Amino acid sequence: MAPVHAQHVRHYRLVDQQGAPHPVLDDLYESLDAAWTEAMGWWQDQFGASQGPVEIGVEVSTASGDWRTLRFPGGTG
């Protein structure tokens with residue numbers, strides 16, 4: 001009988017310009033959309049609805065326990 005491997009549950013987190021967990025939005029999210037919605041809501045509360053770069057990035061957890069960047073800080077949302 002083949003071993004049963006647990007499926008990796010992905011988590012998403014928001015990071016600052018240096019790639020560290022965001023100092024205010026340091027939480028785990030269930031999806032990229034949930035993380036980015038939280039980031040954009042907070043960003044607009046802080047800086048208004050400007051079309052400038054959003055200095056927040058998004059990372060996803062990997063099966064090996066590392067984090068991989070999906071969206072780098074400085075994007076336009």
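Predicted model: local features only at pLDDT ≥ 70, side-chain atom pairs only at ≥ 80, totals over all residues.

Residues are numbered from 1 along each chain as its sequence is written, and side-chain values use heavy atoms, with hydrogens and water left out.

Side chains of opposite charge can pair when their charged atoms come close. Glu-59 and Arg-13 form a salt bridge, with 2.8 Å between the closest N and O atoms; the term means a side-chain nitrogen of Lys or Arg within 4 Å of a carboxyl oxygen of Asp or Glu. By this rule the count is one salt bridge. Glu-59 lies in strand E2 and Arg-13 in strand E1, so the pair ties together parts 46 residues apart in sequence. Helices (H or I, at least four residues) and strands (E, at least two) are DSSP runs, numbered from the N terminus.

Are these two partners buried or exposed? Glu-59 is buried, with a relative accessible area of 8%, and Arg-13 counts as buried at 17%. Buried means under 20% relative accessible area, exposed over 50%, and partly exposed in between (1.4 Å probe, protein chains only). Leaving aside neighbours within four places in sequence, Arg-13 is in contact with several residues, including Pro-21, Leu-28, Tyr-29 and Trp-67; contact means heavy atoms within 4.5 Å.

## The strands around the pair

Stepping back, the secondary structure of the chain comes to one helix and three strands, in the pattern β-α-β-β along the sequence. E1 and E2 run antiparallel and are joined by four bridges; strands pair if DSSP finds at least two bridges between them. Leu-14 has Val-58 as its bridge partner in E2, and Val-15 has Gly-57.

E2 also runs antiparallel to strand E3 (residues 67–71), again with four bridges. Here Glu-59 is the bridge partner of Thr-69 in E3. The hairpin of E2 and E3 has five residues between the strands, and Gly-65 takes a positive phi near 95° in this hairpin.

Both faces of E1 are covered, with Tyr-12 and Leu-14 buried on one side and Arg-13 and Val-15 buried on the other. E2 is also covered on both faces: Gly-57, Glu-59 and Ser-61 are buried on one side, Val-58 and Val-60 on the other.

## The nonpolar core

A nonpolar core is a set of buried Ala, Val, Leu, Ile, Met, Phe, Trp, Tyr and Cys residues joined through side-chain atoms within 4.5 Å. Which members of the largest one touch the most other members? Of its 14 residues, they are Leu-14 and Ile-56. At least two residues each come from strand E1 (12–15), helix H1 (32–47) and strand E2 (57–61). H1 gives the largest share, six residues.

Leaving aside its neighbours within four places in sequence, Leu-14 is in contact with residues that include Leu-25, Tyr-29, Ala-35, Ala-39, Ile-56 and Val-58.

## The loop between E1 and H1

Asp-16 sits in the loop between E1 and H1. Asp-16 is buried yet has no salt bridge, and the nearest side chain of opposite charge, Arg-13, is 9.3 Å away. (Lys and Arg count as positive and Asp and Glu as negative; His and the chain ends are not counted.) The Asp-16 side chain does reach the backbone nitrogen of Gln-18, at 3.0 Å. Not counting residues up to four places away in sequence, Asp-16 touches Pro-21, His-22, Pro-23, Glu-55 and Pro-73.

Gly-19 is placed in the loop between E1 and H1 too, and counts as partly exposed at 32% relative accessibility. Gly-19 and Ile-56 are 37 residues apart in sequence, with 8.7 Å from C-alpha to C-alpha.

## The chain as a whole

Of the 77 residues of the chain, 27% count as buried. Among contacts in the chain with a separation of 6 or more, 38% are between residues 24 or more positions apart.

Methods
Polar contact = N/O pair within 3.5 Å; in protein donor to acceptor, adjacent residues only side chain to side chain.
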